[in-house]
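Please keep the structure open as you read.

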Amino acid sequence: YAGQVSEGCEGLSRVEGCERQRLEGRPPAGGRAVATAEASSRMLLVRATRNVLSLFGANHRAANRVAALHEVLREDRCRAQLANPEAAETLRVAALMDALLASDLGVADETPRPGVSYVPVVETADFHICLFLLGPHERIPLHDHPEMTVLSRVLRGSMTIASYDFAESRLRRERQTAFKAKRYKTEVITAPARTVGLFPHLRNCHEFVAGDRGVVVLDVIVPPYDDDRGRSCSYYHHLLDPSAPPRDDDDDVVVDVLLALQDPEPDFPCRPLPYAGLPP
């Protein structure tokens, strides 16, 4: 739309110039006053129309919620605070994600196919904005996000999330065959939903399963995985029954569990799809 608005304004400017020339160059005649009034009216109409088009273009740019999210994430100050779930910038990004529509991201009519699909919206060395599409009952296995923040919002469908806190550092976990973790109460998130998150030291390990109609999830990942910087993805499995009942003293955190690294890593294909939403 922005290009069409610009072309429309330029065209109206040319029309306005022609009317001005007609006003200035018309020879004296008995009907000059009438002609002058008509030309002036046309010029006023042209200017009003151009102003409306310009306003439409400005409103269109303001309504690009994808670009607004991208612009905020480009700020170093913003990204530096996202490790804190209560920071003002974390709440700011979550609010921008909450405002996004599936149509903004080109997935309003997208039906998740069997399997897992990945749609890159913006990928930089500092952050990723992306979409995951999971077919009905598809699962992304238990995995971590070392020193990363991931904010997620379900745009369509539903999914079940199980989240975990590690009791020990990543370095110590790599030296052990089993290690302790706490599993949070399982959540079912259904669209339209508010943004949820995991953080470097809170709910940093999770797995999720799509509902009966699949799920479309928007993710903001800060910073992204990077093997060279120690941010590689690891997969885990349970050594104790994960369906143990919740503890009576805390309705949010469930029983302690033992986890171990999954070796070999689970194999689940992730199909790439092109982005078809608003320009970021």
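## Confidence, packing and backbone

The protein chain has an average pLDDT of 82, and 73% of the residues score at least 70; pLDDT is the predictor's confidence in each residue, from 0 to 100. This is a predicted model, in which local features need pLDDT of at least 70 and side-chain atom pairs count only at pLDDT 80 or more, while totals for chains, interfaces and linings use all residues. Residues are numbered from 1 along each chain as its sequence is written, and side-chain values use heavy atoms, with hydrogens and water left out.

Two stretches call for some care. Over residues 1-9 pLDDT stays under 50, and the model has eleven contacts (heavy atoms within 4.5 Å) beyond four places in sequence for them. Residues 52-62 also stay under 50, with eleven contacts beyond four places in sequence. Where pLDDT is low, the predicted coordinates should not be read in detail.

Now to the helices. Helices (H or I, at least four residues) and strands (E, at least two) are DSSP runs, numbered from the N terminus. The axes of H3 (residues 65-73) and H5 (residues 88-99) come within 9 Å and cross at roughly 165 degrees; axes are lines fitted to C-alpha atoms, for helices over the stretch in contact, and angles run from 0 to 180 degrees between N-to-C directions. H3 is therefore roughly antiparallel to H5 (an angle over 145 degrees). On the H3 side, the contact is made by Arg65, Ala68, Leu69, Val72 and Leu73, and on the H5 side by Arg92, Val93, Leu96, Met97 and Ala99. These residues divide into eight nonpolar, no polar and two charged; Ala, Val, Leu, Ile, Met, Phe, Trp, Tyr, Cys and Pro count as nonpolar, Asp, Glu, Lys and Arg as charged, and the others, Gly among them, as polar.

Next, the backbone. Most residues other than glycine have a negative phi, and most peptide bonds are trans. Glu147, in the loop between strand E3 (139-144) and E4, has a positive phi of about 55 degrees although it is not a glycine.

| Cis peptide bond | Omega | Loop holding the proline |
|---|---|---|
| Ala191 and Pro192 | about -5 degrees | between strand E6 (187-190) and strand E7 (196-198) |
| Asp263 and Pro264 | about 5 degrees | between strand E10 (253-261) and strand E11 (270-272) |

Definitions and conventions
Angles under 35 degrees count as roughly parallel, over 145 as roughly antiparallel, 65 to 115 as roughly perpendicular and the rest as oblique.
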